[in-house]
Each structure stands twice: as C-alpha cells, then as structure tokens.
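Please look over the sequence and the model below before reading on. The report then goes from the whole chain to a few selected parts.

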Amino acid sequence: TIKRRENTLYNALRSIHDDSVFVGEISQLWPELPLLANLRCGLWYSPKFHSTCYFKSTDGHTNNWSFNTSRLNLHVAHLAGQKGGCIIVDSTRKGKRFPDSMSKTIPIWTCVFNRAIVNHRSRMQDHDKLTEGVNSDNHEPETSDQDAENTRQASCEWDSSLHLPLWVSKTERASIEERLEGWTKELEASGADIASLASCLKKPLRPLWISQKTVIWLNEVPDHDSWDFTPIILVSASSSAGVIQHRTTSEFSWNYIPGAGDDEESWARGLSPDLFWNNVYDIINSGPDMCNQKVANMVEKDRVYRAQRGQNAPQVTLKPPKSLNSTSDPSYVEPGLSLDNLDIKNDIQFCDDDSTVFWLGTTSIAVGTALAAANTTCVDCVMNCGRDSFSACYLNNEAYLHLPIVNSKLDRFSLRNNLASAVNFAKLNLRKGKTLLVFCQNGEDISVCVCLAILTALFDDGGTFDDGKSFSETHITKWEMRRRLVFLCKFAIKARPSRGNLKQVYSFLSGGRPSSHTPSAPSTM
C-alpha cells in the first residue's frame, strides 16, 4: 500500500521532468551529436529527439547475451558515421547506474559491427591484391603500393576489441568474448550492408558511459572529433540510488522515483511522451492533488481529437487499486471517463503520430502508420492491417483491403490467418506495376510483418518482384526469413516486429504457399 501511494502519476512525471534537465545538460556538451531515445523508456526524458533506437536489456542479461539480427539498428551506426557520433538516452528502475542495454547490449553491438568492418576491409584488400596481380599479368597499370599499404594499416589500427564498463566482471567479459566471432559471422550472413557502413564510418564505434554520478570538468570536455573513435555516448538519465527519495520544493512535496519512465503501462494512464512534453508545465504545476484529473482531461481530449481525424482512439479505462478503492485516494481515477464528466478546455497542445512513410527500396511497397495513410495520396493501393476501418475517398474498392489483425498477445493466429489474403492482394496489384502502402496503427509491428511476408513470398533475394517464382523453388528457413527482415529494416528504421508475430509469419511461409490464381475475394488460410 505504501509503495502504491509513493508511485503516483505526479511523482513519476515530476521525476522524469527533473531527470530531463540532466539529459539536456549532457546533450549541450556535444550539441553537434544527434540525441537518440532507446525505446521505450528513454523516450520520456527529452522533449525532442533526433531519432529512436531499440536495444533490449534482455540481450545483455547475464548468461543470456545475444546479438539479435532482428534489431540491428543500422540507422544508428550510419547516423554516428555521418555526424561523428551520437548520444543515446535510457534509464532503469533497478538500483544500478545503467540498464543492461547500455552495460552490455550496446557494447556487444559496437564490437560486432567493428569486427565485421575489419573483415570486410580485409576481403576488399585481398580482392585488390588479386586484381593487381591480374593487371600485372596483362601489363596494365598497377594499383599504387602506397594505397595498398594505407588500406592495410587502416585495417590493423581499427579497434575491434570489446569495450565494457568496469563493473562488468572478468568472467562475464570472457564469456561474451567467446561468442563474438559467432555473432560477427551471423551479422555477415544476414545480408546487412556492411560495405556502406564501412565507407560511412571513418573511426571505429566505441561506447562511453555517463550517469548523474559521472564527474565532468566543463573546462576539459573534449570535442568529439578529437577522439580516435566514433563515440556512442550512453546517458543513463536517472539517479542510481535505487530507493524512492522524498523531495520538497517551494510549492509541493513529492517522491523521486529512479527510472520512472520504465514500464509506462503501469503508471502513465494513457499519457504519451509527446502529450506530456507538449503540456509539461501545466501538468507539473497542477501539483500532486490535481495531476490525475489534469492528465485524464488531456488524455480524453487528445483521444477525441484523434477520433475526429479518423485515427485509432480507444477509450482509456483504469482499474482502481486493489487495496485502495476509496475515491478519496489521490492515485484513484474513476474508470471509463467520458466527455460528460470532464472539464475539457482548449488550452492543451495535442500530439500527432508520426506520418512518415518508409519505401522499401525499389519494391514499390511502403510501410507506415494510420496517420501516414490518411495523409498520403501518392500510392495506388492501400492495405489496412489495423482493427479499425479506414476511409480513403481517393481509393476504389479494388485498391483497398482491410485485414483486422490484432496483436499476437490477443490472438496467436490473427496475423497468420490473414497473410494469404495480404499476399494475394499484393500480387494482384504488383503485377500491374502499382504501388502499395501497408499500414497499421503504429507502423512498427503488424504492418512490418505483413510486408515481410510479401517480400519473402513475391520477391527474390535482390528485392526484385518475381511473382513468387523464387519462393516456390526455395524452402524458407528462419535464417532466410531473417535476411529479408534485415533488408526491410534497412529502410523502415522504426520497425519493431514482435517475436509472436514473426513466428506467425514463419509458420505461414514454411507451411503454406500463396495460391497461384488471383481470387475474386480475399481468401483465408
């Protein structure tokens, strides 16, 4: 009961706001470097990010270390190469300075990428030597010995060692190092574009760690260009005390919660990071007693605003705490809030979903959000993979397909049962040279998995439409499907397909085939 009373909405949001000041100070030390949020917790700690990334702490848990080719975050490496580095923000609720995503997942990621770049440059050097020998036999001009020597020296000086923070034990370091070679081979076999990464990165990737306990001498902050590596600066936003601290200001008393942005479903009450930062001062100044009602007003008004624009806007329903069912408790909000009992004013700043459309190379297929579909008129046909129907007045019935797919947590077979219809619809339109937009509510999971099934079933390895010829001649393995996912994520940088949905895609691809004829109506498995 005491823990529930301390973990109130106001305490969480006030803690996030205080920690965001620290994040802002660190970002100003290297203003040229882009600021990235590690989803999902990191997204709460700054009002504006250049981009997002997705490094999971579970990939760095002790005895569960992994390098996951489904989450390559290639765009982060490219961005760091272009800008000379980047800053990644995350946090953790546990009583430690950094989450495992920063302590081990990202260091493993940088090391594997560095090793793959070294291997790529070595192969290119061997190829150049072979070409030089052929040119010599044919009495053609030889490659400059100086250029060859420069290439060899650069490969030797490229740091591909594992850089871990000091608090990771030697035993754990040794266990991780044993697996690095295998992970590097997996990356190279995944089809990731290492060549473009090698040309983009001038210096090897290397992580640096900064927390609220880090001592920084402001007059000795080095310029990021002065380092002999490309810095990936890892900022853990919250204090590492690990216990709730009581704090008092001139206006309110509140309890500081370390890593308050984590596990937002348990405390945010429908509030999103964008909506919070658009109205941050109103929320913070409302105080502990009025915060819940203030946020409820904003969330409901934002929901109505979205509904009026044809976006997905589910009703937010909150359950009362089990042992605190008194309405006098400040953490209790009446479930099923409606417009009738809300004092809604016109003084809040709404938040808009990302309307970006990601075109998947030259495949004529794009993936995006529901808002992107509403704002896009440059496509020939649309596939809606969300629950709600979509009104597109500029499309006829033949150019629109609605597949009401739900998340694998709600229905383990929903996606698989609709993939045959999705592939057949895509085949019908791609045969005619039309462009196709596949969308779901967030453009990160279900629509990505549908695009993965279409790419695998109808395109060859090079991303060329072949009407399913290569698919019919190939036995699809999990590794082959993962190669296609790497190709897709190269373009759709916000893709975050869930494990349950990917399993349904593989089940469809390995156990069924799209029909050779085009049905007059969507078929089912």
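**The whole chain**

The model is predicted. Its chain contains 15 helices and twelve strands. Of its 525 residues, 50% count as buried. The chain exposes about 25300 Å², and carbon and sulfur atoms supply 48% of that area. Among contacts with a separation of 6 or more, 74% are between residues 24 or more positions apart.

| Helix | Residues | Residues in the contact |
|---|---|---|
| Helix 12 | residues 446-458 | I446, C449, L452, A453, T456 and A457 |
| Helix 15 | residues 499-511 | N501, L502, V505 and L509 |

How are the two helices placed against each other? Helix 12 and helix 15 pack at an angle of about 25°, and their axes are 10 Å apart. An angle under 35 degrees counts as roughly parallel, so helix 12 is roughly parallel to helix 15. The crossing of helix 12 with helix 15 is right-handed. By type, the residues of this contact divide into eight nonpolar, two polar and no charged.

**Helix 3**

Helix 3 covers residues 74-83. Is this helix largely enclosed or largely open? Seven of its ten residues are buried, so helix 3 is largely enclosed by the rest of the structure. The buried residues are L74, H75, V76, A77, L79, A80 and G81. After helix 3 comes G84, which has a positive phi, near 85°.

**I365 in strand 9**

Where does I365 lie? It belongs to strand 9, which covers residues 365-369. Is I365 buried or exposed? Its relative accessibility is 0%. Buried means under 20%, so I365 counts as buried.

Which residues does I365 touch, apart from its neighbours within four places in sequence? The contacts of I365 are with F358, W359, L360, L430, L436, V438, C451, I454, L455 and F459. A separate value concerns V379, which is 14 residues from I365 along the chain. The C-alpha atoms of I365 and V379 are separated by 9.2 Å.

Notes. Residues are numbered from 1 along each chain as its sequence is written. This is a predicted model: local features need pLDDT of at least 70, side-chain atom pairs count only at pLDDT 80 or more; totals for chains, interfaces and linings use all residues. Side-chain values use heavy atoms; hydrogens and water are left out. Helices (H or I, at least four residues) and strands (E, at least two) are DSSP runs, numbered from the N terminus. Buried means under 20% relative accessible area, exposed over 50%, partly exposed in between (1.4 Å probe, protein chains only). Contact means heavy atoms within 4.5 Å. Accessible areas come from the Shrake-Rupley method with a 1.4 Å probe; for residues, only the protein chains shown count as cover. Axes are lines fitted to C-alpha atoms, for helices over the stretch in contact, and angles run from 0 to 180 degrees between N-to-C directions. Angles under 35 degrees count as roughly parallel, over 145 as roughly antiparallel, 65 to 115 as roughly perpendicular and the rest as oblique. A crossing is left-handed if the near helix is turned anticlockwise from the far one by less than a right angle, and right-handed if clockwise. Ala, Val, Leu, Ile, Met, Phe, Trp, Tyr, Cys and Pro count as nonpolar, Asp, Glu, Lys and Arg as charged, and the others, Gly among them, as polar.
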